[in-house]
Amino acid sequence: MNFSQKVSVVADVPADALVRFEGVKKSYDGINFVVKDLNLNVRRGEFLTMLGPSGSGKTTTLMMLGGFERPTLGHITLDGKPVERLPPEKRNIGFVFQNYALFPHMTVAENVAFPLRYRGIKGAAAQQKVQEALGRVSLDALGNRRPAQLSGGQQQRVALARALVFEPSLVLMDEPLGALDKQLRERMQIEIKQLQTSLGITMVYVTHDQSEALTMSDRIAVFHDGRIQQLADPETLYNEPANRFVASFIGENNTVPCTRLGAEGDVAVIRMGDGSTFRAAGTDAVGADGKVTMSVRPENIGLAAAGDRPHVNRFAGKVREVFFLGDHMRLTVEALGGQLVTARIPASRSRSFASGDDVVLECCVSSCRLLEA
Amino acid sequence: MWLPSYATPSERLARTLVVALAVAVLLFLIAPLFIIVPLSFSRDPFFTLPVREYSLRWYEDFFGNARWMNSIVNSAIAAVLTTVLATTLGTLAALGISRPDFPARRLVMALLISPMIVPVVIVAVGSYLFFGQFGLTNTRLGLVLAHTALATPFVVITVTATLSTYDTNLTRAALSSGAPPASAFFRVTLPNIMPGVVSGAIFAFATSFDEVVVALFMTAAEQRTLPVQMFSGIRDQINPTIMAAATLLLALSIVLFAVLTLLTRQRRA
Amino acid sequence: MSVVDIDRIDVFMAVRRAERPARRAAFSLALPLIAFLVLAFLAPILYLLVTAVANPETRAVLPRTLAALESWHGVSPPDEPVYAALAADLKAAKDGSTAALLGKRLNYEISGMRSRVLSAARMVDQFEVGPYKEKFVALHKDWASPDVWAVIKRNGASLTPYYLLTALDLRQAPDGTLERAAGDQAIFLNVLGRTLFVAGLVTLFTLLLGYPVAYVLTIAPKAIAGIMMLLVLLPLWTSLLVRTTAWVVLLQSNGVINDLLMALHLTSEKMQLIFTRIGTVTAMTHIQLPFTILPIYSVMRSIPTTQLRAARSLGAGPSSAFWRVYAPQTLPGVVAGCLMTFILSLGYYITPALVGGPRDQMVSNFISVYINRDLNWGLAAGLGGVLLVVTLAIYLLFLRLVGADKIKLG
């Protein structure tokens, strides 16, 4: 599968691209590629997230853009100019590192003033810019502290101020919220997103946290095995995963093997393992011998309602596991020819389940998506 | 303390014995060092304890003797020059070897450490024969060159150790802030690895200041260092003035050690 | 070659190209030190090794004689032309006062040759005309010995195995075969064996004494462990000469240790401690202890305390838990510490020189003696070569088992 190419060629208009990766590959040993044939345009003013498990190539991609790694093959252009040979200090890119990389021997204000020194901004002008930048992240009062005297969240803000103080057009962030606790992380996500929107800067953000990516991004590039698996806005990514990896990486998903029989308009007809016939969205996935996979999210499976209903796939099974989770229940049901299917059902006092019960479940045709096997 | 609450009686006994042995070994380690201190303040020229009468006569001997004074000056000059040279070369090499792109790291590291490993007599004799070809034996330069070779492994080891805990993102942050590489090094990297560099420098200083064997081969009377002066004294006829010299060297070691300990404390804090 | 192969090579080259600037930058930082060590450290050692096989004396002093010996078969004494050439060479040697060098060199292989060469050089002016053969033989019958001439001819080579062989108690017989050195000259294997033995003994003692210390360091409360650590590190910091001086004083016949032994009634008369093997090994053990303790401690510290608890909960008794679960995990530290101490002990010079007796001198001390007293640089270099090979062999073992980047200081 190579969705990245298809998507970048079709959906991107090169004219508004600030950054372009063209056929970029990166290998450290000449045998294994960490990044395999990357083609990606980052649009001006967008918040683009590179999402993926560790080792998927996202951080290497960010480091190549920052100038700390050199692509083995391919080209990177920034604002139309090739930058493969441009050293990091000449790129004018703001960079927020994992664990912040604040200079421990300098005060907060000195840290923030550091990039200004190399742009010829001194004295009162520099001081004003530092105050402005610290004000933007609500740290005006802490300029004289050392980084070690700040909390994790405050350090994070200093790093942000330092990356923004010289008004770069592009800011890169490498898992900047990884070290914070959950609550603080969620607050910072909103703050960062607001800053990015109000300043109108382009941001490339690396994370392995899908909810973070879904919250903040204009577009998300899902990385796996050195390739972009899908590049899309959060909603499309969630509702229309392009392949099995994306389907299972973003949110929870049931993937059930099946055989494609044919199509009825824009709906595919498939045969499940127990011989029943289902219909599903997504007609372009074709495997050898018609073998395909159907994916459906647990929250889209419910108890079968009374009466005959169109556009619904209905199936019977045996309950294997029940978990009560407060507002909902998770049922693991054996159905469709020995497959374990998970369903998320609103909790109700009127009906309880036990292992071994027979149930009938259903899911909308539009929520069933056909993927390659 | 010392023992888990579930310890059996036999375990308690064994543990007590082990602790007692460890204490005895620590006493064995430390006591000989301090035996020379009271002896150096004794009025008698014998090496027996307890000291019957204290005096400073051996220190007067030491400080009143031009030979001893000369040797201190010689040692200090050689040690300072060695420190500067070894710290510069060693720090640079450690910076290079700590980079992920360094080629043939294991081989180069094995070479850089080898002056610690090769018997010092071999270095001394080799230097004596080889530097003799260029008229460098019995010169301060020859001594400093040989001492620098012996001292660099300590600098490489301490600076490499510091760099292994150094967050390279600091340098990257400096670069992406727009600092040229040299500026990034002096303003960000160096201040943060300073404890390691200073530790290395102290090791280098001590290595040169305490070194006997190479100095024995590479120096004539004019460049004679303090350890050589002591060594020849002990060989000839051990006398209490040597105790005074040894006590002063011990004091210097303790001062250097204290500085180093404070530095490592700071680094860990 | 298939397309895939070419692709791979292209990629490989591309990786090399992409990495080259970074590799070059990293290497160029280390280059000054590497260059310095090559010049100020490796070159002297190489020069020493060359000195161990260099053989310039005979070639320099007897060029004509060696040329005349070319056609000599070695069975009977050589013919008159050889003696004539010898007379000419010795005349020149007398003028250049180089005969003593030759005499010294030949004397290494045949004792008595020094005086024979010197007296021949003294007399050669009176040998106005030939035939020279009888005159030389009249001077000393050795001049007619094929063995002597065989040795002279052999030393016409610019390289000699003599010093290295001597350092291993071997010698080349006049006919070129190897044989063991005669009893009173066969001392060097003994010295090498003694060096290895003392180093092994010191290593063993530091392990036996150091292991409990390292262990107690890991179980002691933090504050106490900190003080104990200072007690281990301070000796390491103290000048080796100061530590040796302390032992010289302690071990004196009228010294503190003898006083202590007498006071405790462990001995009724003063014991000889200084200039003995016991004294040397004790002092060396004292000096090497921190080198063995520190690597063991650093490995022990990394073993989680849950290991012993797990072993106990699984049914192992205290000693079984220690020996079967804990001790095997400390092995890397034991290997690192012991190899380090063994390597360093091999090169000891100061301590045996000041604390040991004549029978406790190590290879290093003999090297020093041959340089300073006997002025036999070749033999000093030969012994140095043997010591270096032994040391490097163990260093290689250390690099394999432990690695150079594992060496830490304090």
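Trainee: Where does Asp79(A) lie?

Mentor: Asp79(A) sits in the loop between strand S4 (73-78) and strand S5 (81-82) of chain A; strands (E, at least two residues) and helices (H or I, at least four) are DSSP runs, numbered from the N terminus. Please note that this is a predicted model, in which local features need pLDDT of at least 70, side-chain atom pairs count only at pLDDT 80 or more, and totals for chains, interfaces and linings use all residues. Residues are numbered from 1 along each chain as its sequence is written, and chains are lettered from A and ligands numbered from 1 in the order in which they are written.

Trainee: What is the phi of Asp79(A)?

Mentor: Asp79(A) is not a glycine, yet its phi is positive, at about 55°. Asp79(A) counts as partly exposed because it has 13 C-beta neighbours inside 10 Å. By that count, 20 or more other C-beta atoms within 10 Å make a residue buried, 12 or fewer exposed, and anything in between partly exposed, with C-beta atoms placed from the backbone.

Trainee: And Ala104(B), where is its place?

Mentor: Ala104(B) is in the loop between H3 and H4 of chain B. Its phi is also positive, about 50°, although Ala104(B) is not a glycine. With 11 other C-beta atoms within 10 Å, Ala104(B) is exposed.

Trainee: Changing topic: at what angle do H15 and H16 of chain C pack?

Mentor: Helix H15 (residues 306-313) and helix H16 (residues 318-346) of chain C pack at about 150°, with axes 9 Å apart. H15(C) is therefore roughly antiparallel to H16(C), a term for angles over 145 degrees. The axes are lines fitted to C-alpha atoms over the stretch in contact, and angles run from 0 to 180 degrees between N-to-C directions.

Trainee: Which residues meet there?

Mentor: From H15(C), Gln307(C), Leu308(C), Ala311(C) and Arg312(C) meet Ala321(C), Val325(C), Tyr326(C) and Gln329(C) of H16(C). Contact requires C-beta atoms, placed from the backbone, to lie within 7 Å. These residues divide into 5 nonpolar, 2 polar and 1 charged.

Trainee: How many residues do chains B and C bring to their contact?

Mentor: Chain B contributes 84 residues and chain C contributes 78. On the side of chain B that touches chain C, H1(B) gives the most, with 16 residues. That side has 67 nonpolar, 11 polar and 6 charged residues.

How values were computed. Angles under 35 degrees count as roughly parallel, over 145 as roughly antiparallel, 65 to 115 as roughly perpendicular and the rest as oblique. Two residues are in contact if their C-beta atoms, placed from the backbone, lie within 7 Å. Ala, Val, Leu, Ile, Met, Phe, Trp, Tyr, Cys and Pro count as nonpolar, Asp, Glu, Lys and Arg as charged, and the others, Gly among them, as polar.
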